[in-house]
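Here is a friendly walk through one protein model. Have a look at the sequence and the structure below, and then we can go through some of the details together.

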Amino acid sequence: MTSDEASQYPAMYPTNRPPVVRAPWAWGTLEEEVAMDPVEALERIAFLLERSLAPTYRVRAFRTAARVLVELPEDEVRERARAGSLESLKGVGPKTAQVVSEALDGGVPGYLEKLEGESTAPRHQGGEKLRALLRGDCHLHSDWSDGGSPIEEMGRTAAELGHEWAVLTDHSPRLTVARGLSPERLRHQLDVVAALNETWAPFRLLTGIECDILDDGSLDQEPELLDRLDVVVVSVHSKLRMDARSMTRRMVTAVRDPHANVLGHCTGRLVTGRGRPESEFDADEVFAACAESGTAVEINSRPERLDPPRRLLRRAVDAGVLFSVDTDAHAPGQLDWQILGCARAEECGVPAERIVTTWALEELLDWSREGRVPSRVANV
């Protein structure tokens, strides 16, 4: 990609501030923060708001202000704070300016302290032991499709949460409501990810897609492009009320496709709000096909999905499948939801060795590209 092309997408590329890589859960306590950078304070507030599913406009105010300030020299930010002129910057409002001023004064901004004191963390019982073993996340979205933040923010947050790797899986073309990526846009995205990875070692953002499973079980993207990706998540997003026999055939065909690595949110259910019932299919037949083909069954951690249900998760364990504990995050703060999937995996007896998101990067790529699993997994 040329420098002219890169300049058209400034939000997608590294800023002049390097990523802050933290140990898992280091964000969780203010006591560990010594001197709070105002940009970090703004981003932490946005993170907490996203994690609690706050309205998008509230999150955007803090992320926008962070993007404005990160481009300014630190001395200019301090001078504007002293002069009371932060609000003259486009994208900085009274509330965000107050957060910046309080951070520069050496204290914890009041609004951040308030959010940290509230119970914004996902409610769960257990899962901590498995969460500590996770090395990555196979399912996350950016604002290239229906996510709310640039690729750079999603990758940097994954690194800050302690991941060694994460997979960018924006939607495929057919899902137009989610701005699914055409082949041309996906090729462009591959260049963007490659540029970001040059600055992020040892963390690595892997290339991927959440590919629609079409009515006949075929995958919604050019095979040549799927060959180039590191991880392919396949999911049903349409005709969720298809009769059980047809849906079973559709899903079995998809998971047996040599490009498929992970079966995403298999029942399609929603458990909050108005809800949505599970799709009907022969779970034993689908899980048997996953076990045979080496396609992992996703344990989707989104609070409104929590898919598959416990009864099916236990059947998948008995079927001998691989698993992937994923967030399906559409914003940086949602990357913290993985603990929900971990709690359900522990409750249902999922062996940690069979969870691909506990694997090292080299092991994951051996499996996703060559179909090879670590030797320790074969004996589980």
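Leaving aside neighbours within four places in sequence, which residues is Ser279 in contact with? They are Leu240, Arg241, Met247 and Thr267, where contact means heavy atoms within 4.5 Å.

## About the model

This is a predicted model, in which local features need pLDDT of at least 70 and side-chain atom pairs count only at pLDDT 80 or more, while totals for chains, interfaces and linings use all residues. Residues are numbered from 1 along each chain as its sequence is written, and side-chain values use heavy atoms, with hydrogens and water left out.

The protein has 16 helices and 6 strands; these are DSSP runs numbered from the N terminus, with helices being H or I of at least four residues and strands E of at least two. Of its 380 residues, 56% count as buried. Buried means under 20% relative accessible area, exposed means over 50%, and partly exposed is in between, with a 1.4 Å probe and protein chains only. Among contacts with a separation of 6 or more, 75% come from residues 24 or more positions apart.

## Two loop residues

Ser279 sits in the loop between strand 4 (262-263) and helix 12 (283-293). With a relative accessibility of 8%, Ser279 counts as buried. A polar atom of its side chain lies 2.8 Å from the backbone oxygen of Leu240.

Thr327 is found in the loop between strand 6 and helix 14 (338-347), and is buried at a relative accessible area of 0%. Its side chain makes a polar contact with the side chain of Asp137, at 2.6 Å. A polar contact is a pair of N or O atoms within 3.5 Å; within protein, one must be able to donate a hydrogen and the other to accept it, and residues adjacent in sequence count only if both atoms are side-chain atoms. Thr327 and Cys138 are 189 residues apart in sequence, yet their C-alpha atoms are 8.0 Å apart in space.

The 6 strands form an open sheet with parallel pairing, in the order 1-2-3-4-5-6; two strands pair if DSSP finds at least two bridges between them. Strand 1 (165-168) and strand 6 (323-326) are at the edges with a single partner strand each, so one side of each has no neighbour in the sheet.

Strand 1 is joined to strand 2 (residues 204-212) by 4 bridges, and Trp165 has Arg204 as its bridge partner in strand 2.

## Nonpolar cores

A nonpolar core is a set of buried Ala, Val, Leu, Ile, Met, Phe, Trp, Tyr and Cys residues joined through side-chain atoms within 4.5 Å. The largest one has 94 residues, of which Leu69, Leu263 and Phe323 touch the most other members. Helix 2 (residues 38-51) gives the most to this core, with 8 residues. A second, separate core of 16 residues includes Cys138, Val167, Ala296 and Leu365.

## Aromatic pairs

Rings of Phe, Tyr and Trp (its six-membered ring) pair if their centres lie within 6.5 Å; planes under 30 degrees apart count as stacked, over 60 as edge-to-face and the rest as tilted. The count comes to 3 aromatic pairs. One of them joins Trp200 and Phe203, whose ring centres are 5.7 Å apart with planes at 65°, so this pair is edge-to-face. Both Trp200 and Phe203 are buried.

Trp359 and Trp367 also form an edge-to-face pair, 6.0 Å centre to centre with 90° between the planes. Trp359 is buried at 0% relative accessibility, and Trp367 is buried at 4%.
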